[in-house]
Structure formats: C-alpha cells, structure tokens
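Please find below a short note on the model, with numbered points for the record.

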Amino acid sequence: MTAAPGHNPTFAARGPAERLAEAAPFLLVPLLAAAGWLAIPQGSSWLTLTVSGLAMGMMIFIMASGLTLIFGLMDVINFGHGAFVSVGAFVGVGALAALDGLTGAPSPALNALALALAAAAAMLATGALGWAFERAIVRPVYGAHLKQILVTMGGLIVIEQLILVIWGPSEIFFSRPEAFKGALTFAGAAIEKYRLVAVGVGLALFLAMRTALRATRIGLIVRAGVENREMVEALGYRLRVVFVGVFVAGSALAGLGGVMWGLYEEVITAHMGGALMVLVFIVVIIGGLGSVEGCFLGALLVGLMQNYVAFLEPKLALISNIGLMVAILMWRPQGMIPVVKAK
Amino acid sequence: MLKRILSGDMPQSRALGLILLAILIGLAFAPFLFPGTRSLDTAARICVFVALAASYDLLLGYAGIVSFAHTMFFGLGAYGVALASDGMGRSFGALAAGSLAGALAAAALALLVGLFSLRVRAIFFAMITLAVASAVAVLFSQLSGITGGEDGLNYRIPRALTAAARYAEEPFLGMRLTGKVLNYYLVFFGALILFLALLRVVNSPFGRVLQAIRENEFRAEAIGCRVVWHRTAATVISAVSAALAGSLYAIWLRYVGPDTVLSFEIMVDILLMVVIGGMGTMYGAAVGAALFVLAQNYLQALMGAAAEAAAGVPGLPLILDPDRWLLWLGALFILSVYFFPTGVVGRLRGR
C-alpha cells in the first residue's frame, strides 16, 4: 500500500500571460482607437469620429446595461426592451416640447434643467411601464425561454403600435435646446457639444452603477444573485423583489437612453427602439450576458467601430459590427467578460 | 394512400380535417372558384406563406429554436431568382438556376450561423439571427448597383408564365386560361410539395429527435443524440425550404424589394402565423398562414368600417384604424402564447 500523496498546495504567482488574458478586454478599446488612428488619414477627423464613437457607445451602454443585468439575474431575455427606448424618447421629447419656456431660454443652466426634467419624465414613464410589463407579460413565463422570447416580442409589437396610436404615425423632428447646439473646436477637430454631454452622462452612469454594484449591500445581493440565485434565496433574500427593482431600473435606463438617442439624432420614430436593439444585442453578447463591465466595453467597441467604418466605407458599418461580434465570439464564446455561474 | 402522402400524420380531428380540406380545395381551384386578379394574388400569397410558415414551424415548433433570420433566407431565394432572371434573361433555366443558387446560399449561411451560435448557447441564436438578418437587409438595400437598393428589382419571367400567353380561346369556368393560371399552379404545386416534404421530415426519426431535444436537451444528449448536429441540420433544412418559398414568391410577383421579402415585418407575420395557427404541428402553420393572409387582406377593410362606425366615441377610431391592425394581432399573439400555446390546431384537436 502506498502512502497517499502529500497535500501541499502551491500558490504560484500568475504569469504575465494570465494577467494579460484578464486585462485583454480592457485593452481592446484603446487598441481599436489606435487602429482607427492608423486607418484614418487626418488626425482631426479621427478625433471627431472617436468622440462621436464614444458618445454613441455610451448611449448604447445606457440602453444595454439594464438588459444584461435582467438576464444575469433572472435568466430573462427581454426582446421588448427596445419598446422602452422608443417610449422614453417620445415622453422625453414631449416633455421638452412642453418645457419650451426653459429650452428657449438663453441660459445654459435653464437648458440643462429642461434636459434633466425631460430625462426624469422619460425615466419615470418607462420605469412604470417596465413595472407593468414585468407583472403582466414577463412574470407568467419565468423559466421558459421560448415563451419569453415570443411574449416579449409580442409586447414590443403592441407597445410600438400604441406609440403610433398616441403620437401618430409620422416621424417627429425637433431641435435640441440652444445650449447643446453647435460644436467646439479642439486641435482642429469639430466636436459637437452634445456628444461630450453624452460621454459625460454615460461615464458618470457607468461609474455610479459600478459603485452601486460593488460597494452597496443591494449591489452585493444583485451580484451574488447573478452568480448563484438559489443560494441567495436560501439565505433568505427575496430575489424576486430585487429582480423587479432591477427590471424597473433597467427599463428606466432604456428610457434615458432613448431620450439621449432622440436628442442625438433630432428625430424620433416608433421603430427606433426596435432598430437599436440590433446594436444592443451585439453589445450584450460580446460583453458577456450578465456583465456590466463587459457591456460597457462592448458598447464602446461597437460605437467606435461603427463610426470608423462608416467614415471609411459607409456601406459596411453594420456588417463590421457583425464581424466584430463573430471575432470576439471566436475568441471567447461566452463574451469578453463571462459571468461565472455557480451551477 | 392518403396516410402515406401525409406521412402518417393525420389531422386527428374532424373539424381540423374539414378546415384543411377547405383550404386545399380553395387553393387548388382558386382561379376558377374566385376569379379576379386580387383574389388570385391572395391565393398565391397563401400558398407561399403556408410553405414559409411550415418551414419556420420546423424550427420553432419542432426544434424549439427561435430564429429571427427566416426572412433573410426567404429573401435569398427571392433575390436568387430575381438576379438570375436579370442576368440570364427570361428563361426557365434562369428560374431554376436562381432558385438553386438562392437555396445553396441560404444553406451555407444557415450552416455558418447555426454552427456558430448553436454551439455556444441556444439563447444566443435568437439574438444573433436578429443581428445578422438586419445587417443583411441593410446590405441588400445599400448595394443598389446589384440589388436595385430600396427600389428592388423588376424582371421578366418566361412568357409562358405571364398573362400574355393564351392556352385556350374560350374562358373555362369564367377564367381565361392564360400563363398567369399556369404560374399560379406552379406556385401552388411548388408550395404543396414543400409542405408535404416538411411533413415527411418532421415525422421521420430525425423529427422525433428534434422533438426530444426540444423537450429535454440534457436527456436527449444522454441518450446519445447529437444535439448540435440535429439543431444545425434543422436550421439548414428550414432555411432551404424558406429560400425555395422565396423563389416561388419571386416567380409570382415578378418583383423583389427589401420591403416585400426581407423586412422585419414579414418576420413578425411569420411568427404570428405559426403561433396563432399552432406551434409544433405543420397543419398549424397552414391554418395560421391562411387565416393571417385572409385577415391581412380583408380584416383591414372591416376595421376601417368599424372605425367609421365608432367615429363618435373618442379614442376608439384611433385604435380601430386599419393601419393599427398589428396592435390587435400583437395582443392576440400574446394571449395565444399564454392561453393557447398549441394554437388553433391544438384547440381543434382538443389538447
């Protein structure tokens, strides 16, 4: 009889390759920006494109973050998420039109206040809608993916049609408040003011969300719930209540993203949310379903890619994002920052 | 004999059998029962969509896979015929070559998307197909040099299939026997053969394995079924059938454009047909498609009349507007997923 092998675990320091593998997703964004710099001849257009790419990425992140958390927490894929984007845009723009006393004022502070109020109105409306949607549409089909996809798709159709009923079938054109029009010139590049605002809001939101998830108790429960739902429930937390909160917050964020996107394009249609869902899904998939950081990085990559390629070869813009998704899934089939599921 | 043609999958309900018989007879004698250009057009549309919805049901109902790229395959078949007719001139050879090329392209693309996304996680498939399909639709409308862009392509089909060709001096049962009628029967028999072939597929051992995977993936794998292989094969078969249905549609319409064959609205239509008709039975797809196309053509007129009648009540005319008919179908769709997951056919069969 031979003796059992001795138990002497070793904790070797991680090699450079392992560290690189962990940091690789974070390096992709600067890498893509550098590639864009090499491909685009003029430095000034590169700067303009990079800023607008980041702005677009931030807005997509705002819309996608809720979706990824909803999936991570409850395994629910909400194809109706795009409807919240459209509703947010219509409510927000409606509020802006009602606040023309503030938007028309020459003071930037009053303009910003109008924008904040419009965003708040949109978030309130889509949050409430999200609550109703979760109760009426999603709740009966927990755990059945096929039915979820079908039912939420049906929800998308119905909400889009209701928008058409309420606001009429034509597109709505409008213009941004005075303070957010025009561009700044920096190093020879024209940078629209509104894009800087979008970048700022997106970044602030990402940091706030990250802090909320990492440093607060509710964030801890959410993260634990994403990793292992049953264990968290066994510890006595009513995850379903937490989930409703996350669903409402995610819907409100979709509404915020909708207002911001509407102000960016200066035109809104009932189908804009459905069309944006294509980019949102790409972002959520390449980021890793359930991961907020991955979603953020994915959104920046998609925004930059879209803007660079649209400048170099306009016809290939959407295809290039599919290419990006294919490349990233070949590299990491579960997305850039896969969520560890303890199951 | 009948049992053999239907691959042993009998309707199993008298009401359902009668409805199916009515649809079959109605479509088979459509040129003589309902003379007129518009009704013949409706009948051809029903034929094409029966085949298309049946091919989608193979994925959704039997394999339990949700794909949003079905119109992409439909469009590939249609554009195949259009491009071939455009490039090779009007001939039956061009129609055959175009259909074949479209079907091959659809098979290749389905294989790629299937291998790529079904390997990872089934739920990715819905999202990835949505992204790929919209990218392809955008690409087709932007490559205006080849595909005609948003305007689409008009092309000429062989003279024997157009209204210019006469096969008899005297009208038969009130219908002139022109090439249009021949064209209709090409579409009808093409769709019928596709439908029966799909019925054969789902009632084969292969179809049983698909159902096993749908019911319990782990168990199916444990028994020894190759899950990914079966799912990918189902995707490819359904894509090829959709492409062939698209070819039939292109031959009938003599026009293709992004809105008629590639748009997301058509995807939604197919989804509604399959779910309302009944997932998991080919007959459901047939009943759903027939009901849906009829509703699309005639319900809107009804809603217009209702909106006029309700003109005095505030709000009501807005939701009864004929353009808002999708609102009602969407609501019906959600309700049928909840309460009648087996659709019309399931109800008729008493399950």
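**Notes on the A–B contact and on chain A**

1. Chain B puts 33 residues into the contact and chain A puts in 31 residues; two residues touch if their C-beta atoms, placed from the backbone, lie within 7 Å. On the chain B side, helices H7 (122–142), H14 (264–277), H16 (316–319) and H17 (325–339) of chain B each give two or more residues. H7(B) has the largest share of that side, 13 residues. By type, the side of chain B that touches chain A holds 27 nonpolar, 4 polar and 2 charged residues. Here Ala, Val, Leu, Ile, Met, Phe, Trp, Tyr, Cys and Pro count as nonpolar, Asp, Glu, Lys and Arg as charged, and the others, Gly among them, as polar.

2. This is a predicted model: local features need pLDDT of at least 70 and side-chain atom pairs count only at pLDDT 80 or more, while totals for chains, interfaces and linings use all residues. Residues are numbered from 1 along each chain as its sequence is written, and chains are lettered from A and ligands numbered from 1 in the order in which they are written.

3. Chain A has 13 helices and 4 strands, taken as DSSP runs (helices H or I, at least four residues; strands E, at least two) numbered from the N terminus. Just after H10(A), Glu266(A) has a positive phi of about 60°.

4. Along its principal axes, the C-alpha trace of chain A spans about 90 × 55 × 35 Å. Of the contacts in chain A with a separation of 6 or more, 78% join residues 24 or more positions apart.
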